[in-house]
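Good morning, and thank you for making time for this item. I would ask you to keep the sequence and the structure in view while I speak.

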Amino acid sequence: MSDTVEELPPTRSLGRGRIFGVIALVAVLFVLASLRGLSNVYTDYLWYDDLGRTDVWGGILGTKIVLAVVFIAIFFVLAWGNLVIADRIAPALRPPGPEEELLSRWHDSVGNRSGLIRFIVAGVTALLAGGGAASQWNEWFLFSNQSDFEGLTDPVFDQNVAFYVFRLPFYSFVVNWLFAAFVTIGVITAAWHYVNGGIRIQTVNRRSTPQVKAHLSVILAILALLKAADYWLDRFELLTSTQGFRRGAFFTDINASLPAINLLLLISLFSVGLLVANIWQRGWALPSLAVGLWALVAVVAGSIYPAAIQQLRVGPDEERREEPFIARNIEATRLAFGLDNVVTGDFTYSGSIDVDNILDERDVFSNARLLDPRIIDDSFTLNQQDRAVYGSFSQRVDVDRYTIDGELTPVVIGVRQLNDDGGGSWEQEHAVNTHGYGVVLAPANEFTSNGQPNFVIRDTPLRNDLDEVVIDQPQIYFSDKRLRYAVIGTSQREADFIDGFSYDGDGGVSIASGLRKLAFAFRFGELEPLISGTLQDESEIIFIRDVTDRARRIAPYLHFDSNPYPVIIDGGVKYVVDAYTTSDRFPYAQLAPTQQLPNGADLRHSFNYVRNSVKAVVDAYDGTIDMYVVDDEDPILKAYQKQFPDVYRSIDEMPDELRNHLRFPEDLFRIQTELWGRYRLDGVSDFYANILSWSVSDNPDSVSGGQRIVTRDPSDPTRIIPQRNQPVDPYYQVTRLPDEDEPSFVLMRSFSPRSDQGILRELTSFFAARVGPDGKPELRQYEMTAGVSVNVKGPFQVDEALNADPTISEESTELGQSGSVFLSGNLNVLLVDEAVVYVRPFYVRREASADNPSAPTEPLIEFVAAVHQDQGQDETRIGFSTTYAGALAQLFDIPVTVAVQLTGEEELVDTGIIDVPDGGVIDGETPEAVRQRLSDAIKKLEEAEAVLPDFAEYDRLQAEARAELEALLSELEALSEQAAGSDPPAA
């Protein structure tokens with residue numbers, strides 16, 4: 001073997017100019033690749049500036065930057081400092097060995113630029129490790145602006161709930177971040193020591209110098225100290241544990257997991273001492289002892305011991321062991337979801353409806369919602385869209401209430417949207433077709449003679465039959481649909497029904513300068529904003545047109561309801577978007593059941609505290625956004641108000657007209673009712689057994705036994721499917737609640753007994769929610785207390801009765817054979833005195849034409865069914881007619897004239913569409929009722945004969961019988977004259 005050593009080629013160091021050149025090239029490429037991102041930042045600023053909300057833009061962006069800079073700086077200082085120490089304690093002579101040849105090349109290449117390399121290594125890793133801290137901006141807002149949950153402390157550590165909601169998340173982030181940072185720094189430092197020769201792997205002698213061992217021992221001691229801090233925080237995390245019977249710290253958590261965590265905390269502190277002592281010891285025996293002891297205790301005390309306690313002590317006697325903790329879970333869940341203020345009452349059910357006082361219930365009967373928003377939206381689109389410009393309505397028309405002819409009336413309302421299908425030139429799509437137009441409104445408690453909604457606000461140009469509702473600004477630039485951007489103030493004329501119309505609102509951002517045009521061209525990926533000749537100095541661009549998106553950008557820390565709704569106010573349209581504050585840190589509270597929320601809903605995430613604290617109101621014309629506080633006691637919202645004091649307005653500043661249209665949000669109601677079925681139970685034993693709990697009633701749009709009564713799949717309008725074993729949807733209606741004198745606008749849902757097999761479907765309770773005059777929620781529960789032994793039928797059972805009815809089955813079969821589809825509308829549940837009446841409209845969708853088989857056809861109301869369960873009887877009476885009044889007349893054996901007064905269908909008598917069922921009626925009465933009247937008259941004649949010679953009683957009975965017979969004769973003559981003078985009504 002040759003003793004000569006091959007001389008390595010000399011290394012050539014990079015010149016400083018070349019390094020700076022490479023850096024500059026990378027920077028240029030980065031800027032070019034980021035132009036679109038930069039343009040988004042710039043145009044976002046312009047958008048916020050146009051709304052006067054640069055405080056939000058600057059506040060959030062500034063906080064992100066500060067957090068990133070602070071944590072980058074902390075990591076850089078820690079990393080750079082440890083690398084400097086590593087260089088300072090590096091051995092003067094690196095020990096020879098097989099690793100030295102490669103390391104010598106590295107040192108020759110670096111030369112005297114080790115300081116620059118330290119700076120680059122520390123800087124790059126700091127950017128990677130600290131940049132993510134920007135995502136903690138929301139946690140920082142809450143941490144830095146916290147306020148107490150008044151009177152709420154946890155039962156274990158006696159900490160105010162604010163500690164868990166505001167402080168604990170940020171503390172946990174800092175501790176976990178520091179732990180990860182020191183792990184990274186430890187790895188980098190060890191590698192640096194290896195490069196410097198302080199650590200040698202391929203050697204039989206000492207593998208690290210005493211100085212290196214001391215340095216790494218300090219880093220490991222810091223890691224152990226941080227782990228001790230993490231264990232300290234883990235103690236509090238037990239209060240949101242999911243390991244027990246319900247969420248929170250239960251028996252095993254308190255009696256096994258908590259002591260185990262405390263033991264691990266002590267071992268961590270003991271390990272800190274061992275690692276510090278290791279500085280003066282030879283080898284790594286003490287750190288190995290610490291890690292081994294730590295791992296053993298973590299397995300035994302952290303896993304095996306709690307599992308044994310749960311199995312051996314809790315399992316055999318779970319209810320008694322968990323009793324105090326279940327009580328905590330019940331109380332906390334009610335508080336966290338606003339269920340602690342539910343007003344409970346009884347609804348005494350007798351099943352009796354007295355015809356003598358039935359007219360007293362007119363405000364209940366007349367407001368039954370006959371138009372189903374899930375189905376009727378096609379009627380809006382097919383009848384009221386302008387296909388050239390205004391292509392559709394919202395995904396679902398909304399339910400609201402307006403005063404019409406002096407009475408509070410339920411309505412369905414839709415906003416006519418801009419056709420956003422594309423296909424035209426840039427100018428046509430963005431400068432001409434810029435906005436939607438008007439609203440369409442129909443009373444929800446009536447329909448026309450051909451089964452369509454009675455549109456009282458309609459058409460283009462707009463026609464309005466209501467004196468109480470004024471619309472003088474029908475243009476819709478912002479809605480609940482994501483639309484392409486629009487450019488206004490151009491040389492092109494906007495498409496509108498008003499000659500010379502030009503947008504004069506404040507919803508646009510100026511696009512006058514070349515820089516702005518360039519920025520918007522990059523943002524939208526189109527060249528036209530930069531080069532189009534239609535743009536003028538006064539041109540403005542309107543973008544971010546979805547009302548929820550606009551509200552979310554003003555308050556990105558809030559969660560928004562999935563169904564914003566329009567309100568006609570001040571001659572125009574405003575959208576109301578319900579906003580929530582949430583947290584997943586409320587001690588002992590159960591997680592929200594979110595499975596029934598619409599896909600994409602903001603509330604479909606993990607949380608166990610929620611408040612509908614804000615109503616965001618967005619103007620459909622100029623896009624202005626007002627955030628009204630409706631819950632000024634919510635500590636989470638208080639924190640955001642401290643951060644952004646100018647964003648929020650008091651509910652007292654909301655116009656009364658708008659406040660009268662606030663409604664309880666559907667997403668929150670679904671969650672609260674899903675929880676209430678069990679969390680209404682006060683007794684721990686009842687809660688644990690779960691026998692007396694309720695479930696939301698099964699969806700009545702189902703298939704059962706006989707003819708199919710089906711509904712349309714909301715995700716696929718062309719598919720007609722049944723829905724089984726799904727909870728009934730919440731529904732808005734105008735009704736008079738029990739023990740109240742005036743009707744109000746409420747959101748309702750019914751309950752049935754809990755049953756795993758779904759076989760218990762009788763009616764047990766109603767849950768109603770509304771917004772009070774002060775904007776605050778009001779929750780009410782009415783429990784059925786039967787005055788008879790028979791169970792009250794629930795919605796699903798009523799649906800089964802309708803399916804089995806031969807008349808309904810026959811109509812459905814005949815229509816199905818003709819190619820039409822029989823659709824069941826919403827099942828209204830009317831609380832009438834001491835009885836329940838169900839009302840359901842039935843729609844028919846005709847077969848599509850052969851020329852265009854994929855085109856939707858209009859659903860028309862063909863029939864209405866009314867259902868009632870008689871007192872003391874287990875059978876169900878059904879009225880079925882082409883009109884609501886006719887159905888009630890059949891159901892209660894009352895004259896149509898009385899039913900017309902109940903339903904408000906007076907005008908239908910004049911048009912002749914009150915139907916006459918087969919077999920004939922007298923003034924809407926059934927043949928059985930007519931026979932009963934004749935029988936009563938004959939009986940009185942027989943009684944008169946029997947009382948003779950009491951001539952006074954004889955004359956009285958004779959007079960009553962004669963009056964009844966004359967009334968019947970008069971009604972028959974009137975019916976004959978009507979039949980002779982008009983065509984028979986359609987069946």
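The side chain of arginine 545 has a polar atom 2.6 Å from the backbone oxygen of threonine 434. That side chain also reaches the backbone oxygen of tyrosine 477, at 2.9 Å. By polar contact I mean a pair of N or O atoms within 3.5 Å; within protein, one must be able to donate a hydrogen and the other to accept it, and residues adjacent in sequence count only if both atoms are side-chain atoms.

This is a predicted model: local features need pLDDT of at least 70, and side-chain atom pairs count only at pLDDT 80 or more, while totals for chains, interfaces and linings use all residues. Residues are numbered from 1 along each chain as its sequence is written, and side-chain values use heavy atoms, with hydrogens and water left out.

Where does arginine 545 sit? Its place is in the loop between strand E11 (540–542) and helix H17 (547–554). Helices (H or I, at least four residues) and strands (E, at least two) are DSSP runs, numbered from the N terminus. Arginine 545 has a relative accessible area of 1% and is therefore buried; buried means under 20% relative accessible area, exposed over 50%, and partly exposed in between, with a 1.4 Å probe and protein chains only. Leaving aside neighbours within four places in sequence, its contacts (heavy atoms within 4.5 Å) include Leu418, His435, Phe478, Lys481 and Tyr485.

I turn to threonine 582, in strand E14 (residues 572–583). Threonine 582 counts as buried because its relative accessibility is 17%. Its side chain makes polar contacts with two histidine side chains: that of histidine 559 at 3.3 Å and that of histidine 605 at 3.2 Å. Beyond four places in sequence, threonine 582 also touches Leu603, Phe607 and Ile636, among others. The C-alpha atoms of threonine 582 and phenylalanine 337 are 9.8 Å apart, although 245 residues separate the two along the chain.

Aspartate 631 is another loop residue, between strand E16 (625–629) and helix H18 (635–643). At 16% relative accessible area, aspartate 631 is buried. Outside the four places on either side in sequence, its contacts are Arg611, Ser613, Leu637 and Lys776.

Next, the helices. The axes of H10 (residues 285–314) and H11 (residues 318–336) come within 9 Å and cross at roughly 115°. Axes are lines fitted to C-alpha atoms, for helices over the stretch in contact, and angles run from 0 to 180 degrees between N-to-C directions. Gln310, Arg313 and Val314 of H10 meet Glu318, Arg321 and Glu322 of H11.

Helix H20 (residues 666–679) has 14 residues, of which 13 are buried.

Finally, the protein as a whole. It has 28 helices and 29 strands, and 52% of its 987 residues count as buried. The largest nonpolar core has 234 residues, among which Phe365, Leu558, Met627, Tyr648 and Val836 touch the most other members. Such a core is a set of buried Ala, Val, Leu, Ile, Met, Phe, Trp, Tyr and Cys residues joined through side-chain atoms within 4.5 Å. Helix H7 (residues 161–196) supplies the largest share of this core, 13 residues.
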